[in-house]
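Here is a short briefing to read alongside the structure. Please keep the 3D view open as you go through the topics.

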Amino acid sequence: MAYPDDLHYTKDHEWIRVEGDTGTVGISDFAQEQLGDVVHVQLPRIGETFDAHAHFGEIESVKTFSELFTPVSGEVVAINEALADAPELVNSEPYGGGWMIKLKLANSSETDKLLSSSEYEDYVESQKED
Amino acid sequence: MSSTQLKKTALNEVHRKQGGKMVDFGGWDMPVQYPAGTIAEHLAVRTAAGIFDVSHMGEIEIKGPQSLALVQHITCNDASKLSDRQAQYSGLMTPAGTFVDDILVHRFDPEHYFLCVNASNSDKDFDWIQSHAPGFDAEVTNLSADYSQLAIQGPRALEIMQPMIDADLSAIKYYWFTTGHVDGVPAIIARTGYTGEDGVEIYFDPGESERIWNKIIEAGQPLGLLPCGLAARNTLRLEAKMALYGHEIDDTTTPLEADLAWICKLGKGEFLGRDVLAAQKEQGLTRKLVGFEVLDKGIARDGYPVLIGDQQVGHVTSGSPAPFLKKNIGLAYLPMEHTAIGTKFEIDVRGRRLAAEVVPTPFYKRSK
C-alpha cells in the first residue's frame, strides 16, 4: 500500500497516475512522512506548461519545506483547490485527496523513464540506510 | 554522524517502538515527532497534556559552603533570592556578558544547587563552571548520566500525575520543586516547563524510565495526553516566546538584547560580564529581540534575512507556523529604532519579500 503499483514515481518523491492523455501528480507516502504536518501547498495556475523535472510548486510543513517537480512535461489542466483549506490531505491521503495537479501529457512515452512501484521502494530503502 | 555514534536516552528503544521519528538533535538520537504528528501533539499540550523525553538535558550539581557565591559569580539572575526548593531561570555568563547557556537553577538549600542545562552544552557548561570554581569552597559534579528527565505539560498534566506522586502537586507553586516518589521511584518533581503551560518536570533514575514513561502514557491517554517530539516542543516554546540556545541566545548575545532584562540583576553584586551589561544598559541597546507575525502568506524560517528597506539588518532566529494561534510567527533581532510594536519590516523568504510586523509577546499566554 505504501507505493501503489499503478503509479509511476520519481527520485524527487513525486508520483503520477496516467489515465488517457492526462496524469495526476502528487507526492509519495514516504515524502509526506518525511515532511510531517503539511500546512501549505503552493500550486501553479491552470494553463501553465512545464518541462519534465521542472519546479512547479512548493510544499510547506511545520518543520520544513520542499520544492515540487513535474515527473513529465505537460500543461496544467487542473489543480487541487481543496488543498488551500485542507493541506493535511497530503498527509492523510497522499495518493487520493492529497493530489496536487493534473497535467495534459506532452509526450506519453516520458513515463517509461520513471520508476515503478518496486523500483521506487528500493530507492526509498536505499535512502533510509544513509 | 551515523546513528551508531549518536547519544541515546534510556527511552531510545521505547521511542522507536512507539513510532517516534528519530533525528540527530545536537548529537542525540531523539524523536522529532510521534505518529500523531507535530500539530496534534502541540494542540494536545495546549488543551490536555503531552509528555516529552528531555533526558538529553544536562544536570550539574554544586555543593559546599560557598555554593551560592559560585552560582552568583557565574550567573546573571539573583540566586540569593531563592528559597529552599525554589527554581529560577538564569543565564550562565561569559565575561562579555553573553550566554554560555541558559539554565534553570534549583536551590535545595544554601549549600546545594542543582542546575538543569541544555543537552548540547552540558559538557561545555560543566567545564566552564569548573574553571571558575577554584577559589570557592564548592564542589561541581556533572550528574547528567544519573538522571532521566520527563516533562509532562498541559492543563491536565497535574491531574494525570498526582495519583502516582506522593507529594501534593497543588502545594508546589510555579517554579518551585520538591522531592518525592513517582510510582515509588525517588524523584525531583519541579513545577517547571518549556511550553507555556502548567506542568511538571521530573528527574529520576534512568533505569526506571520505560516503566515510568509507559505508566504516565497509560494514565494520561484517556485524558488526551500524547507523547510529543522535539518539533512540538519547539513550536510550543516559540508561541510562549521562550528562548532557545543557538537561536535567540548564544555567546554573541546578551540577556538585555534578548529581552531578558528580568533575569539580569545588575544590583546583586559582582558576576561574570556584569560590567559589560551595566555599560550596555547605561549606553542603551543597539538591537533587541522582537516577536513578529508574517502578514503575507508564507512562513519565515530560521535564518531567513530580515530587511528594512533594501538593507539586511538581521535574520530570523526562530520562525514557524504557530499551530495553536494559526499564524506564522517568529523572533528576530532588530535595530532599536525598529522594535516598537506595529513596526513593519520584510523577510526574504527564498527570494520573495514578505511583510512582517512587530507584535506583543509572548504570542501565547495561558489563562490562569
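**Where chain B meets chain A**

In this predicted model, 10 residues of chain B are in contact with six residues of chain A; contact means that two C-beta atoms, placed from the backbone, lie within 7 Å. Local features need pLDDT of at least 70 and side-chain atom pairs count only at pLDDT 80 or more, while totals for chains, interfaces and linings use all residues. Residues are numbered from 1 along each chain as its sequence is written, and chains are lettered from A and ligands numbered from 1 in the order in which they are written.

- On the side of chain B that touches chain A, helix 2, helix 7 and strand 16 (311-322) of chain B each supply at least two residues. Helices (H or I, at least four residues) and strands (E, at least two) are DSSP runs, numbered from the N terminus.
- That side of chain B has five nonpolar, five polar and no charged residues. Here Ala, Val, Leu, Ile, Met, Phe, Trp, Tyr, Cys and Pro count as nonpolar, Asp, Glu, Lys and Arg as charged, and the others, Gly among them, as polar.

**Helix 2 of chain B**

- Helix 2 (residues 38-47) of chain B is largely enclosed by the rest of the structure, because seven of its 10 residues are buried. A residue is buried if 20 or more other C-beta atoms, placed from the backbone, lie within 10 Å of its own.
- Among the buried residues of this helix are B:Ile39, B:His42 and B:Val45.
- Their cover includes strand 2 (28-33), strand 3 (49-53) and helix 7 (230-239) of chain B.

**A five-stranded sheet**

- In chain B, five strands form an open antiparallel sheet in the order 5-6-7-4-8. Strands pair if DSSP finds at least two bridges between them.
- Strand 5 (86-93) and strand 8 (139-142) of chain B stand at the edges with a single partner strand each, so one side of each has no neighbour in the sheet.
- Strand 4 (residues 58-63) and strand 7 (residues 112-117) of chain B pair in the antiparallel sense over six bridges.
- B:Ile60 has B:Leu115 in strand 7 of chain B as its bridge partner.

**Chain B as a whole**

- Chain B has eight helices and 19 strands.
- The C-alpha atoms of chain B fill a box of roughly 60 × 50 × 45 Å along the principal axes.
- Of the 368 residues in chain B, 49% are buried.

Terms used:
Buried ≥ 20, exposed ≤ 12 C-beta atoms within 10 Å, placed from the backbone.
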